[in-house]
Amino acid sequence: YINSAGIGRWADFLIQEAIPFVEKRFGCGGAGKRGVFGKSSGGYGAMVHAILYSDVWSAAACHSGDMGWDMLQLPEFPRVLQALAKEGGTQKWLDAFFAKRKVKDDEIHILMMLAMCATYDPDPNAFMGVRLPVDLETCELIPERWANWMKWDPLEMAKAHATELKSLKTLFIDCGDIDQYNLVYGARRMHRLLTRLGVPHTYEEFPDNHSGIDYRMDRSLPILAAALSV
């Protein structure tokens, strides 16, 4: 959902190619009529686009979106390092992964973390752009590497873009109160931050975890539709 030297210019694609194509094809949208929503990493994309591209989007809904890197990302790195060490390094792990006919769920999570490395702090000279923000032996954070990750944490980004967020017609954020990835704590922090910054928004928690929560769109989409209709 963002531009990265390692993964691609996905923000540019969405804004410069996908939106014009959809609006031309279906005769919809236009200034003040565009909304973006998503769940989990899609919720992250919705939140980041609301923060950075409020001139494009007029409403946003973030369902259990990634935020709060210290609770979401950091706990994953020991498991990533163990997997890489077992295979003999990042390139060998990725080569083995893509050679498999069937992969395991825990391997998908390792792949996700490596993709985030290539997104938030890519190394163009590394295999597939992957550069970890931790020492490969001790799992200690490398400050300058981790600082680049933190620039893409919505909690940090929102602090510098309160004015842009205030221009949205509506901003909806929710999260399950027993989210297994600790995202409810990031959502609560965002709610507290936006309240302190005076950014109008709707915040809700619901009794569920991170999985199988598409029903929450029954709550958010009518709110977005109502805001975009005026």
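**Entry 1: the second largest pocket.** I began with the second largest pocket, which has a volume of about 310 Å³. A pocket here is an open set of points on a 1 Å grid over the protein atoms alone, where a 1.4 Å probe fits, with protein on both sides within 12 Å along at least five of seven lines. The points are joined across faces, edges and corners, and the volume is the space filled by probe spheres set on them. I counted 13 lining residues, with A83, K86, W93, D106 and E107 nearest the centre; a lining residue has an atom within 4 Å of a point. Helix 4 (77-87), helix 5 (90-99) and helix 6 each give two or more residues to this lining. Helix 4 gives the most, five residues. By class I noted five nonpolar, one polar and seven charged residues. (Ala, Val, Leu, Ile, Met, Phe, Trp, Tyr, Cys and Pro are nonpolar, Asp, Glu, Lys and Arg are charged, and the others, Gly among them, are polar.)

**Entry 2: ground rules.** The model is predicted, and local features need pLDDT of at least 70, side-chain atom pairs count only at pLDDT 80 or more, while totals for chains, interfaces and linings use all residues. Residues are numbered from 1 along each chain as its sequence is written, and side-chain values use heavy atoms, with hydrogens and water left out. Helices (H or I, at least four residues) and strands (E, at least two) are DSSP runs numbered from the N terminus.

**Entry 3: helix packing.** How do helix 4 and helix 5 pack? I found an angle of about 85°, with the axes 8 Å apart. The two helices are therefore roughly perpendicular to each other, a label for angles of 65 to 115 degrees. Axes are lines fitted to C-alpha atoms, for helices over the stretch in contact, and angles run from 0 to 180 degrees between N-to-C directions. A83, L84 and E87 of helix 4 make the contact with T90, K92, W93 and A96 of helix 5, where contact means heavy atoms within 4.5 Å.

Helix 4 packs on helix 6 at about 105°, with axes 10 Å apart, so this pair is roughly perpendicular too. On the helix 4 side I listed F77, R79, V80, A83 and L84, which meet D106, H109, I110, M113, L114 and C117 of helix 6. That contact has eight nonpolar, one polar and two charged residues.

**Entry 4: the largest pocket.** Next I looked up the largest pocket, with a volume of about 630 Å³. Of its 24 lining residues, S41, D66, M112, M116 and Y120 are the closest to the centre. Helix 2 and helix 6 (105-120) each supply at least two residues, and helix 6 has the largest share, seven. The lining divides into 13 nonpolar, eight polar and three charged residues.

Entry 5: Which order do the four strands take? They form an open sheet in the order 3-4-5-6 with parallel pairing; two strands pair if DSSP finds at least two bridges between them. Strand 3 (35-39) and strand 6 (202-206) are at the edges with a single partner strand each, so one side of each has no neighbour in the sheet. The twist averages 10° from one strand to the next. Strand 4 (residues 59-63) is joined to strand 5 (residues 170-176) by five bridges, and C62 stands opposite I173. Helix 10 (residues 183-197) packs on the sheet, touching strand 5 and strand 6, at about 150° to strand 5. Helix 2 (residues 41-52) lies across strand 3, strand 4 and strand 5, at about 150° to strand 3.

Methods
Parallel < 35°, antiparallel > 145°, perpendicular 65-115°, else oblique.
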